[in-house]
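Here are my notes on this structure for you to read beside the model. Please follow each point with the structure open.

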Protein chains: 2
Amino acid sequence: MMEIVLFPLPTPIVKIGDDVSEILISSAEKNVGGFKEGDVLVVTSKIVSTAGGRVIDLTKVSPSEFACSIAKLIDKPPSHVEVILREARSIIRMRQKMIITETKHGFICANSGVDQSNVEGEKCAVTLPKDPDKNARDIRKAIKKRCDVDVAVIISDTFGRPFRQGVLNVAVGCSGLIPVIDLRGEEDLFGYKLQSTEIAVADELAATAGLLMGQTDARIPAVIIRGYRYKKGEIPARKIIREPETDIFR
Amino acid sequence: MMEIVLFPLPTPIVKIGDDVSEILISSAEKNVGGFKEGDVLVVTSKIVSTAGGRVIDLTKVSPSEFACSIAKLIDKPPSHVEVILREARSIIRMRQKMIITETKHGFICANSGVDQSNVEGEKCAVTLPKDPDKNARDIRKAIKKRCDVDVAVIISDTFGRPFRQGVLNVAVGCSGLIPVIDLRGEEDLFGYKLQSTEIAVADELAATAGLLMGQTDARIPAVIIRGYRYKKGEIPARKIIREPETDIFR
């Protein structure tokens, strides 16, 4: 029976313009002797966004009138709200000092995923990467090219959720694995055909990495999950999002 | 830098009346040399329910008139729907052949967590344990008594969620650890005070165990997570549920 091992990948503080793939490869080489075939690498969106320049100086943002009125409602600086609105495709809920939006990628989360924590300078905000699936593909390709091993890559972010307290790490980008496994039609232990079980594998892996990433210590921005047998394939994390028509909670 | 290791705990098929703690202790001894201080043990609710006799023979259930009319809507046998309704405190959504209920514990999930898969005999259904927090405490106590080690125990079940496809393992019972960690007021890497970050630690651990539990192979009904430093304490998993007043998605 195979066990699964989780390795933290510490890195120096990632700055705008840094090469995230190179940083992760050198951390993997230094800390765990490099990547192995079949590893899953989970990377927090925060360093991908930062390296990609998705850091916004809030002192240079001029908030719209709408942003200013929302800012009062949700008790945030107007410039921060302006960035949240620019990242949003639609507003899903606005209540109790919270704003839940649908991001331009289609993710439903608080504040369009715009974050003020772990950013150099209090006046900055970091947005989600523009195309986290592409970031995952790029990191995967770089590892293949430099180390000649095939890994799966997940870009993760912490999202809150309805009904239950606390945030959980979820996959906002992925490459090299099928993010949701459909077991419908397979038989269980007693030969009973499963009717409706789809497993959110990419989110399971992201949540797992969350155990080592923590929140206050951004120096563990990536985790290797070794020994998990995933199903290879190329389906973007965007596809994890429920179609609005079948989502009974929008 | 510490790594985390996940060990699968295979067991024989669990039957009504079995002593789950004994089964898990003997599997741990056989497969990983026993429990260690600080382990997290995640156990699927399925075996706890089965051992506890929460298996219902559907041929002996007489469905109410309401159950019969719902049965047509959601395309399930009336006796199955009857059990779902008996386990429910309220109905949250009923649409698109789905019924999302609030269970008597307060969990919000599809079909009140009543499951037809992995049950001996197609005509049976398994409900969630009556008091999964108590089950977690009992297993923890048994391990303390028999092995003299302090572990944290989580009882898990797979729940779907709004906005995203696929089910994820979550904590429905726990003992020995604080299930949601509040980081508000702590400082991040740049000295910025976190405003609102609560981490759903118990759900992270449950999702992690999901990597080894799978769905079609119920012979891995438990997983040991070793090396994760959790915060000790005794708060029931019931407390993870958002208060209805602050839940903007009910």
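1. The centres of domain 1 and domain 2 of chain A, taken over C-alpha atoms, are 25 Å apart. Domain 1 of chain A covers 5-54 + 129-241, and domain 2 covers 56-125. These bounds come from an automatic or database domain assignment.

2. Before going on, note that this is a predicted model: local features need pLDDT of at least 70, side-chain atom pairs count only at pLDDT 80 or more, and totals for chains, interfaces and linings use all residues. Residues are numbered from 1 along each chain as its sequence is written, while chains are lettered from A and ligands numbered from 1 in the order in which they are written.

3. How many residues of domain 1 of chain A are in contact with domain 2 of chain A? Eight residues of domain 1 of chain A contact seven residues of domain 2 of chain A. Contact here means that the C-beta atoms, placed from the backbone, lie within 7 Å. On the domain 1 side of chain A, four of the touching residues are nonpolar, one is polar and three are charged. The classes are simple: Ala, Val, Leu, Ile, Met, Phe, Trp, Tyr, Cys and Pro are nonpolar, Asp, Glu, Lys and Arg are charged, and the others, Gly among them, are polar.

4. Now the helices. Two packed helices are described by the angle between their axes and the distance between the axes. In chain A, helix α1 (residues 20-32) packs on helix α5 (residues 132-147) at about 50°, with the axes 9 Å apart. Axes are lines fitted to C-alpha atoms, for helices over the stretch in contact, and angles run from 0 to 180 degrees between N-to-C directions. Helices (H or I, at least four residues) and strands (E, at least two) are DSSP runs, numbered from the N terminus.

5. α1(A) and α5(A) are therefore oblique to each other. The cut-offs: under 35 degrees is roughly parallel, over 145 roughly antiparallel, 65 to 115 roughly perpendicular, and the rest oblique. The crossing of α1(A) past α5(A) is right-handed; that is, the near helix is turned clockwise from the far one by less than a right angle.

6. Which residues make this contact? From α1(A) come Val20(A), Ser21(A), Leu24(A) and Ile25(A). From α5(A) come Asp138(A), Ile139(A), Ala142(A), Ile143(A), Arg146(A) and Cys147(A). By class, that contact has seven nonpolar, one polar and two charged residues.

7. Look at chain B next. The axes of α1 (residues 20-32) and α5 (residues 132-147) of chain B come within 9 Å and cross at roughly 50°. That makes α1(B) oblique to α5(B). α1(B) passes α5(B) in a right-handed crossing. Among the residues that meet here are Leu24(B) of α1(B) and Ile139(B) of α5(B). The contact of α1(B) with α5(B) counts seven nonpolar, one polar and two charged residues.

8. Finally, the sheets. In chain A, three strands form an open, antiparallel sheet in the order β4-β5-β6. Strands pair if DSSP finds at least two bridges between them. β4 (88-95) and β6 (108-110) of chain A are the edge strands, each pairing on one side only. Neighbouring strands of this sheet are turned by 30° against each other on average, direction ignored.

9. Strand β5 (residues 98-103) of chain A pairs with β6(A) over three bridges, in the antiparallel sense. Which residue in β6(A) is the bridge partner of Glu102(A)? Ile108(A) is that partner.

How values were computed: Two residues are in contact if their C-beta atoms, placed from the backbone, lie within 7 Å.
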